[in-house]
Amino acid sequence: MDKTQPHPLFKLATELGPLLVFFFVNAKFNLFAATGAFMVAIVVAMVASYVVTRHIPIMAIVTGVIVLVFGTLTLVLHDETFIKVKPTIIYGLFAAILGGGLLFGRSFIAVMFDQVFNLTPQGWRILTLRWALFFAGMAVLNEIVWRTQSTDFWVNFKVFGVTPITMIFAIAQMPLTKRYHLAPVSLETSEAEAGDVSKG
């Protein structure tokens, strides 16, 4: 099934919307109310994504499931530790998937980011390794922040720190993707080469 490409603003809204809901509800009430609102916002974002594009990115599915599980634990046990450790679990899982894939000669970065990259094998390996290390670093950073700072500081970091860091890192990978870009072979080129072979 072909996936409808949504407007960039729609994609941005489904990704940042739940985080903003989390931030404002926490500022107005408390972390437990924010956790409940965040869970609802995540589900709404996934439903909206499916309605508009008839598709939900794999990263959104994995993140959504973990948010619902750890959010439920947070509310049921009334322990904010679960929602705070949730990013560590997500980042650690992504790092393990990417790093583990490399050990077996596989690059899962395109699947995780729901994009079609056209890179050389070396480009795939380098890009996958960089993102694996990035996610591992973010897991460690989240642990440091939530264990040493206040809840409000952690919420601000989660909303206004993680997103810019991730965007800057992603932009920093553009030279690599350009360097190892593998130009697609057009149908006309393939037919011409086939003709040359047949003539030879």
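This is a predicted model: local features need pLDDT of at least 70, side-chain atom pairs count only at pLDDT 80 or more; totals for chains, interfaces and linings use all residues.

The protein has 10 helices and 0 strands, so if you walk along from the N terminus you'll read α-α-α-α-α-α-α-α-α-α. Of its 200 residues, 34% count as buried. The accessible surface comes to about 11,800 Å², and carbon and sulfur atoms account for 70% of that. As for how the chain meets itself, take the contacts between residues at least 6 apart in sequence: 66% of them join residues at least 24 apart.

Now for the pair of helices. Helix 4 (residues 81-103) packs with helix 6 (residues 121-148) at an angle of about 160°, and their axes are 8 Å apart. Angles over 145 degrees count as roughly antiparallel, so that's what helix 4 is to helix 6. Their crossing is left-handed. On the helix 4 side, the residues making the contact include Tyr91, Phe94 and Leu98, while helix 6 brings in Trp131, Phe135 and Trp146, among others. Sort the residues of this contact by type and you get 15 nonpolar, 6 polar and 3 charged.

Last stop: Ile56, which sits in the loop between helix 2 (31-53) and helix 3 (58-77). Is Ile56 buried, partly exposed or exposed? Its relative accessible area is 23%, so Ile56 is partly exposed. Setting aside neighbours within four places in sequence, Ile56 is in contact with Met46, Ser49, Tyr50 and Ile61. Met46 lies 10 residues from Ile56 in sequence, and the two are 6.5 Å apart in space, C-alpha to C-alpha.

Notes. Residues are numbered from 1 along each chain as its sequence is written. Side-chain values use heavy atoms; hydrogens and water are left out. Helices (H or I, at least four residues) and strands (E, at least two) are DSSP runs, numbered from the N terminus. Buried means under 20% relative accessible area, exposed over 50%, partly exposed in between (1.4 Å probe, protein chains only). Contact means heavy atoms within 4.5 Å. Accessible areas come from the Shrake-Rupley method with a 1.4 Å probe; for residues, only the protein chains shown count as cover. Axes are lines fitted to C-alpha atoms, for helices over the stretch in contact, and angles run from 0 to 180 degrees between N-to-C directions. Angles under 35 degrees count as roughly parallel, over 145 as roughly antiparallel, 65 to 115 as roughly perpendicular and the rest as oblique. A crossing is left-handed if the near helix is turned anticlockwise from the far one by less than a right angle, and right-handed if clockwise. Ala, Val, Leu, Ile, Met, Phe, Trp, Tyr, Cys and Pro count as nonpolar, Asp, Glu, Lys and Arg as charged, and the others, Gly among them, as polar.
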